[in-house]
Structures are given as structure tokens and as C-alpha cells.
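These are my notebook entries on a structure that I looked up piece by piece.

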Amino acid sequence: MTHRHPQHYEERGLSQLPVIVGMGGVNAAGRTSGHQAYRRTILDALPDTLQAQTILALAAMMQLVTRVEGGGWQDPQGEILGDADVVTRYRQHVLDHTLIRRIEDERFGSEGLPANRAAQLNLDTELTFRVRRRQLPNDVPATWQVREIDKRMVEVVVPPGALDVLLPERRSAQVRSAGQLPSGFSPDTLYRSVHHPRGLAMTIFGASDCLGQSGLDWAALRNRLDPDAIAVYAGNSIGQLDNEGWGGLLQSFVSGTRATSKQMPLGYGQMPADFLNAYVLGSVGSTGAALGACASFLYNLRLGLEDIRSGRRRVVMVGTSDAPITPEIVEGFRTMGALADDESLKALDALTLLTDSDYQRACRPFARNCGFTIAESTQFLLLMDDALALETGAQILGAVPGVFVNADGWKRSISAPGIGNYITLAKAVSLASDMLGEESVRQRSYLHAHGTSTPKNRTTESHVFDMVARAHGIESWPVTAVKAFVGHSQGGAAGDQMASALGTFAHGVIPGIFTLDAVADDVFAERLRFFRDPIPFEADAAFINAKGFGGNNATGLVISPAATERLLTQRHGQRAIDDWKHRRETTLAASEAYLATSDSGHFEVTYRFGEGVLEGPELSMTRDTLHIPGFDQPVSLAVDNPYGRLS
């Protein structure tokens, strides 16, 4: 089996179109599948039935109620409730414990962040203390006198003089707002996580959610393809830095704890891809992760779409998973002056005390603002070439024909914005104009801004938008910024934007920037349309924009399902589209069944530890193929040689 384009593509000089056939994940607004998280951001604009469905599903996800056999719900006290009862009782709780809010980790509250302060004690007299033998330093200072009390305990006498020590303390958190996953939802409890870092537990959930939402039988899909026709590109921006990953490893010496055998390998930034291959998909195809700060999701998406467009792969899962709400990461960004800390929020609104509602409004893209709000999120897309999507009856949620990446060139500060984003957005708009027509771009496209809520971003990003709008004759370009709801999930930020865009395509509503009381004076707003409340909008395309630290700029073009279907009809003919719609009925039924189960709070997580493990002797090889037990199709070993031959 080869990976070449179908014959009619070659004849017409067309590449394969990467289409989105699955989406999954979770962020501060909820689950990605079924557009649950998106619906949370436009809740008041939804019909009453969809509002109730969204609240019910979130209440179940947050373990406020449990589905019972025969219908109905049970609360923690055992009372049986109907749908309306659940919505009435828990609506406000769901609203208060999703999206950006006060950090719920007790360390960020009155308890304070655990820390040590270096000090030097000046001993006037000798100091005597007892300690367990294993707690003594490996190299006991020569001036210490150590006397054995028993096999476990020793007595130590330290002579007068200077003694360097670390004194434990609690430090008040200076940042107390974040975009956390919905309260009560813990992805590590859904499978045998065995002390996995939070980002990897989120990966397992997000990828499983993507597969379930797709409605496809993964085993059947895998078995119809050359195993090397599948790829995974997934990672994050800064690795796993909680205690189960590199955070615990780096703290081990100074905290007096032991490093574990898992912390080093599980901390790597490409580990989400590794987990998908090993425990979710069983893939042996191409793999990797592209790390590009806040643009990491789009970097990985670019790898996937280029594989599909070129014909090298037919199915690719792409995504990110970031869990950066840890004291050290928060402090790092705060020290840079990048975060909206408590003192800055107070100064912004002339307050002496911040309430819960103030924390919920911490992120204010394109308004008067003071810094971004950190967040956690995992987002995955399943991509296919358009021919395979039609053959398999896959859902088509949209198409991603291009992701453009450009650096900033010379910079004074590595974290400051530069010029690369002008190139990326301009190229994305040019591609959309060529594919969909200029009128479509001017009237039926909109911008998913990076929108971090920093003073610098509001000016520089709006200027990029303004310049591109002028070049293309766009007079009122709608702009939204999903970070106002879910915060900045670092490498996963564009994934949050993508999930929201797919929701807009499905429901015809663009979320407003609900924290936008007024557009800041230094925003280039003449040709841009900013709005606080959701607006109806039938979009052909959305531009997913990212401006990352270090000059990692990226813009992705995503096309609506309706526009994609028109393109596919042009590429394949109406007969092929009619046949696809017939085959799609089975896929849609499977997807709806998965969504119904998930809305009830029961999540079908795929985690196959130790299944089908192969080490080499089980394989069989010819010159042209490699046969792998468990795969119906062999791996083709034929390769293209574009360089010429010597013999």
C-alpha cells in the first residue's frame, strides 16, 4: 500500500484536504466533545433546553449528582432528583466552579505556599538534638559529634558558631485566579493512573474523548490502513512540572525527598504523544511534538496537516495537554510581570479587597487589563484526508487547509512581541480568500484572537488585525477571545480557540468577550468588531491566532463544515457526497451514544497498559513489507527517492 494521492487528485494537481473528524478534551469550561465547553461560554444565548442540558452534563461531570438506572439523578445524600431539580439546585454552583475563578488549591489560599528560607544561625552554645540515622546528611560536618542511641536514632551535638539552615515557612500567594478544570472533575480517577502527572492524565481523557466523539471504530480504522499511514503529534509547552513529573524531580534535593523512577521520563514535553501511542492508539506510525510556547497546539496541527496534504499519512491525531497551575510556574510568570496578580487587579479597579466575582473577571482581552490568567487544558483533533473521510463515513467538523508559522526576527526582549504575526495572519487570510473568495472572507470570517489580557498584547495584536483588514478591504471584522472564559493554557491555548471555533460552526454563535466593559484606547479598533455578548454569525472560516513567547507566531485557518462540504462536492462530485452521507449515519449514531453516556457523567476512557506489547522477534519482514502481529495491513517499506540514482 502506498501513500500517494488518489489518481484524480494527481490529474488535477490537488493535494488531499485535511478534514477534522474528531474533537476531544477538557478545559475550564468543560468537556470538548458535544461542544459542551463552548456551550458554557454562550450559555445565556442558548435555548432553554440546551442550557439545561449543559448544566446537567457539567453537574454530572463535577460529581454533584450521579445518574441512576431508569432515569433521574441522585445527590450525595441519596435524594433522587429530576432534570429540572438538578438544574435549579446546582446551576449557580456550576457557574461559580467553572471558567476562570479563585484557585481552589488550598496552598493558594489562607494556608499559603510551602517554601523554605535560607538562614544562618549563630549558636552561642552547643546545640543538641536527636534525629533518625537516615535523616543525617551523607557527609556529616567534621565539627558535629554523633552518638548512637539505637539502630534508628542518633544524638547530634553541634558546637557554637555559624550554622546554615533552611527554615520552613508559608508564603502568601500573590496570584489567586486561574482557569481550572471544573471543580470535582479529576481525570486521574478515571483509569489506573499510577501517579501520572496531571497533564498526562488529562491527555488520556482528552484523546479518549476525541475518539469517542468521532464515532469511529478505531480498531477497524487502523486495520484498513498501512500502520505507517497513521501519525500522532502531541505535546505541551513546558513539560510536566508538577510533583509527579519534573517538578518533583527538581525539588527532590532541596526538599529532602527521593526522586522516583517515573519523574524523569514522564516530565518530557513530548510525553503526551508517547502516551497516546503506547496506551490509547497503539500506533507505530510517525510521532513527535513541536514545542512553540503559546503556539504549540498550532505547531503540532501544522505537522499533521502537512503530513496529510502531502499524502504521507492518512490519519493524524494532534493536540496538547498543559497543566501549569503549580506554585513554581505561577511564580515564574508573575516575576516576569506577565500575570494578573492580586495587587494589579486591585489597582486596575481601585479596590482594597478582591471577591470571587473579581477573580472571575481577571482576564480582560482588549480592555484595560494588567496581565494574563494561567490555565490548564487538554485539546485533541483527529484529522483525515478528505478521500478517506468520505470512504469511512466519518463526521466532518471542518477543514484545516493551512497553518502558518513565522518568527519575529531581531528582538530586544525574547518575550516581547515582534513582526512574525503579521506574516502568519496575512498568509492565512490570503489562503482563505483564494479558496473561499474575497466576499466570504470580508463578510463571513472572524478572528479567534490570542487575546492574552496584557497591555502589550491588546495593542500589538489589534494592530496586526487592523493592518491585514485594511489590506483585504475588511471593514468590520468580528473578534473574540476565549481566554476571557478559560484563561491561558500555554501551549494548549490555540486548542481552546479551535474547540470554540468548531462550536461556532455548529451553533452559529460567536462568544463575546464578557469582561470587555470598554475597548482600551490603545487598541486599533477602527476595522474590528468587538462585542461583550454573544452574536449570531454564520461563519465560513475562522482564523486561530497565536503570539507565543520567544517569537513563536502561528495562525491557523479552519473552514466550516458547510464550506468544507461545498469544497468536497467540487473535488469529488455529488454522488460521492451522497454516498458519504449515507455511510455517516452509523458514525453519527455511535457519536451520539458516546455523548449521551458522557453527559450522564460516565466516561469511557481508553487506557491499555501492557496490551499487545511487541519487542521485535514477533515481526516478519520482506524487502518491501513489514508484518506486525495485531495489524491487518503490513507496513510498506517502499520509499520515494527524489534525489536520483547512481546505478
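Entry 1. I looked up E169 and found a salt bridge with R117, in which the closest N and O atoms are 3.3 Å apart. The criterion I applied is a side-chain nitrogen of Lys or Arg within 4 Å of a carboxyl oxygen of Asp or Glu. E169 lies in strand 11 (residues 161-171) and R117 in strand 7 (residues 113-123), so the pair ties together parts that are 52 residues apart in sequence. Strands, like helices, are DSSP runs numbered from the N terminus; a strand (E) has at least two residues and a helix (H or I) at least four. I noted E169 as partly exposed because its relative accessibility is 21%, and R117 as partly exposed because its value is 47%. Here buried means under 20% relative accessible area, exposed means over 50%, and partly exposed lies in between, with a 1.4 Å probe and protein chains only.

**Entry 2. Basis of the values.** I record that this is a predicted model, in which local features need pLDDT of at least 70 and side-chain atom pairs count only at pLDDT 80 or more, while totals for chains, interfaces and linings use all residues. Residues are numbered from 1 along each chain as its sequence is written, and side-chain values use heavy atoms, with hydrogens and water left out.

Entry 3. R302 is partly exposed, since its relative accessible area is 31%; E306 is partly exposed at 28%.

I then turned to D466 and R470, whose side chains meet in a salt bridge at 2.9 Å, N to O. This pair is in helix 17 (residues 455-471), where a spacing of 4 residues means about one helical turn between them. An α-helix has 3.6 residues a turn, so residues three or four places apart point the same way.

**Entry 4. Positive patch.** Which residues form a positive surface patch? I found R132, R134, R152 and R258. Patch members have over 30% relative accessible area and no salt bridge; like charges are joined within 9 Å, and nonpolar side chains (Val, Leu, Ile, Met, Phe, Trp, Tyr) within 5 Å. I located R134 in the loop between strand 8 (127-132) and strand 9 (145-148). R134 counts as exposed because its relative accessibility is 63%.

**Entry 5. Aromatic pairs.** My search of the whole structure gave 16 aromatic pairs. Among them, Y607 and F609 are stacked, with 6.4 Å from centre to centre and 20° between the planes. Rings of Phe, Tyr and Trp (its six-membered ring) pair if their centres lie within 6.5 Å; planes under 30 degrees apart count as stacked, over 60 as edge-to-face and the rest as tilted. Y607 is buried, since its relative accessible area is 16%. Y607 and F609 belong to one aromatic cluster together with Y191, F275 and Y279.

**Entry 6. Helix 9.** I followed F275 and Y279 into helix 9, where both are among the buried residues. Helix 9 (residues 271-281) is mostly covered, as 9 of its 11 residues are buried. The residue after helix 9 is G282, with a positive phi near 65°.

Entry 7. I looked up A293, which is not a glycine and has a positive phi near 50°. A293 is in the loop between strand 14 (286-288) and helix 10, and its relative accessibility of 21% is why I list A293 as partly exposed. Q490, also not a glycine, has a positive phi of about 60°. I placed Q490 in the loop between helix 18 (483-486) and helix 19 (493-507). Q490 counts as buried because its relative accessibility is 3%.

Methods: Accessible areas come from the Shrake-Rupley method with a 1.4 Å probe; for residues, only the protein chains shown count as cover. Lys and Arg count as positive and Asp and Glu as negative; His and the chain ends are not counted. The place of a charge is taken as NZ of Lys, CZ of Arg, CG of Asp or CD of Glu.
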